[in-house]
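Let's take a walk through some backbone details of this protein. Have the sequence and the coordinates open as we go.

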Amino acid sequence: MEMGGGHRGVLRLRLLPLLLLLLDLGFRNGGRCAAQKLPEQEVEALKGIARKLNKTDWDFSVDPCIGSGTWVNSTGFIVSNVTCDCSFQNHTNCHIISLQLMRLNLSGVLPEEVVNLTYLRYLDLSRNFIQGPIPASWASLQVFNLSLQGNRISGTLPKELASMPMLKSLQLEANQFEGPIPPELGNIISLERFFISANNITGELPSTFSRLTNMTDFRIDGNNISGRIPSFIKNWQRLNRIDMQGTLMSGPIPLEIALLRNLTELRVTDLSGPSMNFPPLQNAQYLTEVVLRNCSIHGKLPAYLGQMQYLKVLDLSFNKFSGQIPAEFGGMVALQFLYLTDNMLTGDLPAWMLKNKASNKVNMDVSYNDFTGNPPTECQQANVNMVSSFSVMNASSLRPCLRKNLPCMGKPQYSSLFINCGGRSVVIDGNAYEDDSSQIGTSTFVLSDDKRWAYSSTGDFVGNENADYIARNTSRLALAHPELYTEARLSPLSLKYYGLCMENGEYLVNLHFAEIMFTDDHTYSSNGKRVFEVLIQGAKVLKDFNIEDVAGGVNRAISMNFTTNITTNTLEIHFYWGGKGTTAIPYRGVYGPLISAISVTQVHRNHHGISTGVFITIIAASCLVIVLLLVAFYIKVFQKKNRKGTGRRLFYRGRNTNASELQARAQYFFSLKEIESATKHFDPESKIGEGGFGPVYKVKTIEFKILFWSHGEKIMALF
């Protein structure tokens with residue numbers, strides 16, 4: 001018995017540390033004993049928060065730190081968690097350290113009661129329907145993380161946020177903030193992450209941001225921030241990611257970027273200003289994504305990029321690069337997306353690129369360049385898009401789709417075009433809209449079965465590489481002809497539609513849109529904003545186009561009509577994303593152009609291939625010539641009538657002449673001597689009668705009816 005009791009004592013001693021550990025873990029994760037209690041101040045703060053945000057499911061009959069029930073709920077994307085730390089005062093007291101209310105579609109305003117949660121370190125109210133400004137009283141919050149992205153919070157960025165000395169992450173993306181960035185925010189020395197993309201921020205980046213030496217992630221996409229990219233970014237030595245897409249900033253990218261050795265993601269697009277060289281990125285050996293699109297970068301492609309072993313995405317499209325594609329690019333072992341579209345690259349198309357197989361899932365787009373050698377047999381080979389990439393237009397060995405402007409090799413025969421973008425074929429008002437349901441779009445050229453039209457699509461969706469390139473509406477659309485709007489084609493970067501072998505002339509282009517990916521209710525899915533541009537025949541016809549704004553809401557059809565001239569038998573309609581609008585509502589990867597249908601009909605035909613402008617010029621010139629001829633004829637007839645019936649006085653002072661010259665000079669005036677010579681000194685035998693003004697004489701060789709009388713030294717004559 002004693003031995004048994006000794007064993008039980010040893011067992012109790014061995015289990016005691018484990019029991020203490022379990023109790024401690026239970027306390028920290030919400031486990032409570034009867035003696036523990038959340039301070040009443042924090043309970044009342046939660047009640048105030050619930051009222052302001054219209055959150056009605058919290059059960060205050062139980063302790064909020066219980067760690068279960070309505071106080072902890074993470075189902076799918078929905079998160080509603082109140083997290084407590086119950087280690088205070090020897091595990092006898094609890095405080096709320098984290099409040100996560102994400103994707104709950106909460107409405108109302110930001111509650112001031114949050115400041116009464118004095119131990120709060122993490123506050124995440126992202127993706128709801130919260131409105132109004134950030135309360136100035138929040139300046140006293142001791143949070144590490146403040147996330148309010150994906151709401152409808154408005155007003156200016158409060159300078160009071162600078163009073164948060166412990167703030168490391170400030171996420172305000174996809175809201176309605178406006179005005180400049182307060183320079184006081186440069187005093188948050190602890191700040192590591194700064195997200196303000198997809199707002200209405202203006203002005204330049206404050207110089208005080210040079211103090212933010214702990215910055216690791218900086219995103220300002222889609223704002224109207226202006227000025228040059230500041231050189232003080234050299235102070236951000238810890239920086240991993242820069243997103244500066246779709247701003248009003250100008251280049252060049254400062255050379256000081258060479259000092260940012262820890263960069264992994266760099267996205268700078270649509271810079272204004274003069275041409276610039278490629279920025280020095282040799283030292284950033286850990287780069288995984290480089291997007292420098294539409295930045296007016298010229299010169300040759302840097303060969304050292306091919307030696308970056310982690311580089312997965314390289315987008316240098318819509319620039320002015322020239323020369324050949326470096327052979328080193330064939331050694332990018334991690335490469336998944338390469339976009340070199342719309343540059344001035346020359347030379348041979350690399351053999352390693354043509355050997356690419358669809359199975360390796362490497363997508364490359366080299367369309368719209370000036371290659372001269374090693375042409376492929378197809379415009380789309382595996383995952384490589386090469387449409388309109390060769391400068392030689394008349395070479396018989398080149399496919400038409402490889403040549404500039406996709407010329408028509410036969411007789412132009414089409415005068416209309418109807419496409420149900422993203423959808424199946426359908427007949428509307430007697431017009432057959434063709435099927436356009438191809439799923440691919442990353443680096444793609446698709447030619448229709450009847451070869452009347454084609455599309456070229458470029459780009460991948462950031463944050464969602466598996467996103468679909470066709471949007472689908474699952475609800476019932478209360479629209480005329482909903483079959484045109486149930487599906488729509490999407491693009492994360494560039495989408496071009498072509499009408500092929502079309503008769504030259506003037507056309508009416510109808511672009512049909514309906515926003516079917518956002519909602520019009522009080523949910524966070526209604527907070528999205530799609531913004532893009534449209535060009536027809538190279539001319540921009542829509543800038544910063546927002547379907548929802550123009551149509552007056554979502555799921556509403558809008559048709560934008562334009563007239564254009566086709567002079568080379570090819571129509572080009574270009575949809576382009578310039579980095580603006582939201583990119584993460586209702587989830588990551590929802591942005592870029594959306595088109596529901598295209599209809600094109602001929603207004604006037606140009607005969608024999610003459611362009612509309614030339615045709616109009618010819619008609620105008622012809623009309624002018626006709627008018628001038630009519631005026632000349634009228635003047636001649638009028639003068640003749642005057643000479644015959646009005647007794648117009650004609651005078652001539654000239655040299656001696658004879659009658660043989662009178663026929664060629666009937667319109668001239670004659671002197672008395674000339675008339676005497678012609679009438680043989682008024683020989684009576686030459687007289688043929690009497691006129692209203694005197695005798696009429698017959699002249700030698702040519703008959704003239706001459707009415708004359710003496711008037712000084714001159715003879716008045718009428719012929």
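Which residue in β31 does V446 stand opposite? Before the answer, a word on the ground rules. This is a predicted model, in which local features need pLDDT of at least 70 and side-chain atom pairs count only at pLDDT 80 or more, while totals for chains, interfaces and linings use all residues. Residues are numbered from 1 along each chain as its sequence is written, and side-chain values use heavy atoms, with hydrogens and water left out.

Now the answer: V446 stands opposite Y455. The two strands involved are β30 (residues 443-447) and β31 (residues 453-458), which pair in the antiparallel sense over five bridges. Strands here are DSSP runs of E with at least two residues, numbered from the N terminus, and two of them pair if DSSP finds at least two bridges between them. As background, strands of a sheet pair through backbone hydrogen bonds, either parallel or antiparallel. β30 and β31 form a hairpin with five residues between them, and K451 in that turn has a positive phi of about 60 degrees. β30 is mostly covered, with four of its five residues buried (buried means under 20% relative accessible area, exposed over 50%, partly exposed in between, using a 1.4 Å probe and protein chains only).

Next, look at an open sheet of three strands in the order β32-β33-β40, with antiparallel pairing. β32 (470-472) and β40 (594-595) stand at the edges with a single partner strand each, so one side of each is left without a neighbour in the sheet. β32 pairs with β33 (residues 487-490) over three bridges, in the antiparallel sense. I470 has R489 in β33 as its bridge partner.

The loops have something to show too. Most residues other than glycine have a negative phi, and most peptide bonds are trans. Where are the exceptions among the loops? Another cis bond runs from G251 to P252, with omega near 5 degrees; P252 sits in the loop between β16 (248-250) and β17 (265-269).

F318 has a positive phi of about 60 degrees although it is not a glycine. F318 lies in the loop between β20 (313-315) and β21 (320-323) and counts as buried at 12% relative accessibility.
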